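Biologist: I would like to learn how to read strands, sheets and helix packing from a model. Could we work through one case together?

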Amino acid sequence: MRTVLLGPPGAGKGTQAARLAERWGIPAISTGDIFRANVQGGTDLGRKAQEYMSAGALVPDEVTNAMVRDRLAQDDVASGFLLDGYPRNPDQAVELEGMLADLGVDLDVAIEITADADAVTARLLRRAEIEGRADDTEPVIRKRLEVYALQTAPVSAYYEGRGLLVQIDGLGEIEDVTERIVAAAEAR
């Protein structure tokens, strides 16, 4: 299974990525993890990414794409992968398509976990309280949701146009959401 996992902050992507990767026996690949591995490993790409992150800037697509390309070329993804946090914009989606073509494989499904903005905000406020995240206030969360809608949600339209998009309601019990995702993805 070669999968992209999409959805707004707080929709449960990280939780579902771990569950789905285990269920399907494939690695869950998070761009955050890729960034950290490259920075800690002192790679050229890691040093470039660190320059941007240290300045509080977004890592440019060129660097992010190169890191993802490198990760997808590793042996453990030969039988599949689940990308969480990439692609974040339509240009990255096009780039991913090229990467997969170079590897001689296709994306099987793009799963978008959907959730009501108010429910997601409440979920993130609870998480912030539990984890002591003082910077996750309601205005900050709402802004993150706006940024997602403007910048990342168009990726859903890209995959819908390719006939790859499956939308799953992310609200409810974790196990129920997982089962909805598995049923929809495996029915393709």
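Predicted model: local features only at pLDDT ≥ 70, side-chain atom pairs only at ≥ 80, totals over all residues.

Biologist: Which way do the residues of strand S1 point?

Modeller: In a regular strand the side chains alternate between the two faces of the sheet. Helices (H or I, at least four residues) and strands (E, at least two) are DSSP runs, numbered from the N terminus. In S1, Arg-2, Val-4 and Leu-6 point one way, and Thr-3 and Leu-5 the other.

Biologist: What does S1 pair with, and in which sense?

Modeller: Two strands pair if DSSP finds at least two bridges between them. S1 runs parallel to S3 (residues 81-84) over 4 bridges, with Val-4 partnered by Leu-83 and Leu-5 by Asp-84. S1 is also parallel to S4 (residues 109-114), again over 4 bridges, where Thr-3 stands opposite Val-109.

Biologist: In what order do the strands form the sheet?

Modeller: The order is S2-S3-S1-S4-S5, an open sheet of 5 strands with parallel pairing. S2 (28-30) and S5 (165-169) are the edge strands, each pairing on one side only.

Biologist: How is the packing of helices H2 and H4 described?

Modeller: Two packed helices are described by the angle between their axes and the distance between the axes. Axes are lines fitted to C-alpha atoms, for helices over the stretch in contact, and angles run from 0 to 180 degrees between N-to-C directions. H2 (residues 31-41) and H4 pack at about 90 degrees, with axes 10 Å apart. They are therefore roughly perpendicular (65 to 115 degrees). On the H2 side the contact (heavy atoms within 4.5 Å) is made by Thr-31, Ile-34, Phe-35 and Asn-38, and on the H4 side by Thr-64, Met-67, Val-68 and Arg-71.

Biologist: Is Thr-64 buried or exposed?

Modeller: Thr-64 lies in H4, residues 61-72, and is buried, with a relative accessible area of 6%. Leaving aside neighbours within four places in sequence, Thr-64 is in contact with Thr-31, Phe-35, Val-59, Tyr-86 and Gln-92.

Key:
Residues numbered from 1 in each chain as written. Heavy atoms only, no water. Buried < 20%, exposed > 50% of the residue type's maximum accessible area, 1.4 Å probe, protein only. Parallel < 35°, antiparallel > 145°, perpendicular 65-115°, else oblique.
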